[in-house]
Amino acid sequence: MQQAMIIINPASGKADARDYIRSAEEVLQSAGYQVKTHETAGEGDATAFCLQACSEGYDLVVAIGGDGTLHETMNGLADQEHRPALGIVPMGTVNDFARALQIPLNPADAIRTLSSSRTQRVDMGRLNDRLFVNVVAAGSLAGSLSSVTSEDKTRLGFLAYLKEGIKELASNSAHALTITHDGEVWEGSSPLFIAALTNSVGGFEKLAPGAAVDDGLIHCFIVKDLHLLNTVTVSISLLLGNLRNHKDVIYFTAREVSVHSAEPVKTNADGEEGPPLPIRLRTIPRHIRVIVPEQ
Ligand SMILES: Nc1ncnc2c1ncn2[C@@H]1O[C@H](COP(=O)(O)OP(=O)(O)OP(=O)(O)O)[C@@H](O)[C@H]1O
């Protein structure tokens, strides 16, 4: 019999994740799995449970939680020889990864998807010695994005980031960055560098419309200048899904990118505060199989 492990964060979303355990277990049992369910109690638990699932040869791990729980679960999968397939039941406020894979954002619908026979291979990203699944940002704006509150994310979605970003712009502070990729070097002053693996960042699906989850590429944006006037035009390009063509934005794709600065510069990884610069990013192409809807 196939084995599935459910990893659930009871505190995620509106803290009603537990209401979905029974129906997730039933769908998986009907699909022929023997199911074991683990609740996380705090940081690191989802990674530990996932490592256990890998070493015990589980066929499937289902993460019920927000992007934080998913990030921790995928960190458990990353370096293991046996990697179970991954099922996702989004409970958070943003759920970028589910959006990028067209997994329903409604938990009950996502649970029904768990019986789908279709899987999709997806890239993961390495950020220094850890992993990211969606996006890394560096610069003064990236640091301020880590302070977006859960309440604002729930209320405003992507606009919460814009709000925090505009606040930061008032005290505009770009940093001298050195960005190296594929033998090319860019040096200049920038308030924001973004590296995206998928097309969904902060709940907004138009940042990198061309990014596919399995293209093996990091989609990078260097914003060269964000004085108050061109913030408006950069924001409009962003909303139209056309950021890469803005005159003050450099866009490129790469399999490996390094970002350095002589100044202390903060980063944000998958919506949480990341390590300060320097950072080195790499893709691990098509590393994980995720259950996605049949259609
Ligand atoms: N039982 C628990 N109680 C409180 N916090 C927990 C518990 N289990 C895990 N956590 C922590 O909760 C953090 C946030 O979880 P997660 O991102 O899944 O939900 P969320 O914050 O509602 O989602 P989003 O970030 O999309 O708003 C995780 O990083 C994890 O370390």
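Predicted model: local features only at pLDDT ≥ 70, side-chain atom pairs only at ≥ 80, totals over all residues.

Reader: What makes H3 "mostly covered"?

Author: Go by the buried cut-off, 20 or more other C-beta atoms within 10 Å. In H3, 9 of the 12 residues are buried, so the helix counts as mostly covered by that definition. The buried ones are Asp 67, Thr 69, Leu 70, His 71, Glu 72, Thr 73, Met 74, Gly 76 and Leu 77.

Reader: How do you know that the span of H3 is close to what's expected?

Author: The expected span is 1.5 Å times one less than the number of residues. H3 has 12 residues, its expected value is 16 Å, and it reaches 16 Å from its first C-alpha to its last.

Reader: And what does H3 give to the shell around the ligand?

Author: H3 gives 3 residues, the most to that shell. Helix H3 (67-78) and helix H7 (150-156) each supply at least two residues. The shell has 21 residues, and the closest are Ser 12, Gly 66, Gly 68, Thr 69 and Gly 92. Thr 69 is also one of the buried residues of H3.

Reader: How many residues of the shell are nonpolar, polar and charged?

Author: They divide into 4 nonpolar, 13 polar and 4 charged. Gly counts as polar here.

Reader: Which domains does the shell draw on?

Author: Domain 1 (2-115) and domain 2 (132-286), with at least three residues from each. The bounds come from an automatic or database domain assignment.

Reader: Let's turn to E3. Why is that strand called mostly covered?

Author: Same test, 20 or more C-beta neighbours within 10 Å. In strand E3 (residues 60-65), 6 of 6 residues are buried. Leu 60, Val 62 and Ile 64 point one way, Val 61, Ala 63 and Gly 65 point the other way, and all are buried.

Reader: How do you know that E3 pairs with E1 and with E4?

Author: Pairing takes at least two bridges. Strand E1 (residues 2-8) and E3 have 5 bridges, in the parallel sense, and E3 and strand E4 (residues 85-90) have 6, also parallel. Both numbers meet the cut-off of two, so both count as pairs. For landmarks, Ala 4 has Leu 60 in E3 as its bridge partner, and Ala 63 stands opposite Ile 88 in E4.

Reader: What makes E12 and E15 edge strands?

Author: They belong to an open sheet of 6 strands in the order E12-E11-E10-E7-E14-E15, with antiparallel pairing. Strand E12 (249-254) and E15 each have a single partner strand, so one side of each is left without a neighbour in the sheet. At the E12 end, 6 bridges join strand E11 (residues 218-223) to E12 in the antiparallel sense. His 219 has Thr 253 in E12 as its bridge partner.

Reader: Why is Gln 102 called partly exposed?

Author: Because Gln 102 has 13 C-beta neighbours inside 10 Å, and the class lies between the exposed limit of 12 or fewer and the buried limit of 20 or more. Gln 102 lies in the loop between helix H4 (96-100) and helix H5 (107-113). Its phi is near 55°, a positive value in a residue other than glycine.

Reader: Which class does Arg 286 fall in?

Author: Partly exposed, because Arg 286 has 15 C-beta neighbours inside 10 Å. Arg 286 lies in strand E16 and has a positive phi of about 45° although it is not a glycine. Most residues other than glycine have a negative phi, and most peptide bonds are trans.

Reader: Where is there a cis peptide bond?

Author: Between Leu 277 and Pro 278, where omega is about 10°. Pro 278 sits in the loop between strand E15 (272-273) and strand E16 (279-291).

Reader: Last one: what makes Leu 127 partly exposed?

Author: Leu 127 has 18 other C-beta atoms within 10 Å, and buried would take 20 or more. Leu 127 lies in strand E5 (residues 119-127). Beyond its neighbours within four places in sequence, its contacts include Phe 132, Val 136 and Ala 269. Leu 127 and Ala 269 are 142 residues apart in sequence and 8.5 Å apart in space, C-alpha to C-alpha.

Note on methods. Residues numbered from 1 in each chain as written. Near = placed C-beta within 6 Å. Helix = DSSP H or I, 4+ residues; strand = E, 2+ residues; numbered from the N terminus. Contact = placed C-beta atoms within 7 Å.
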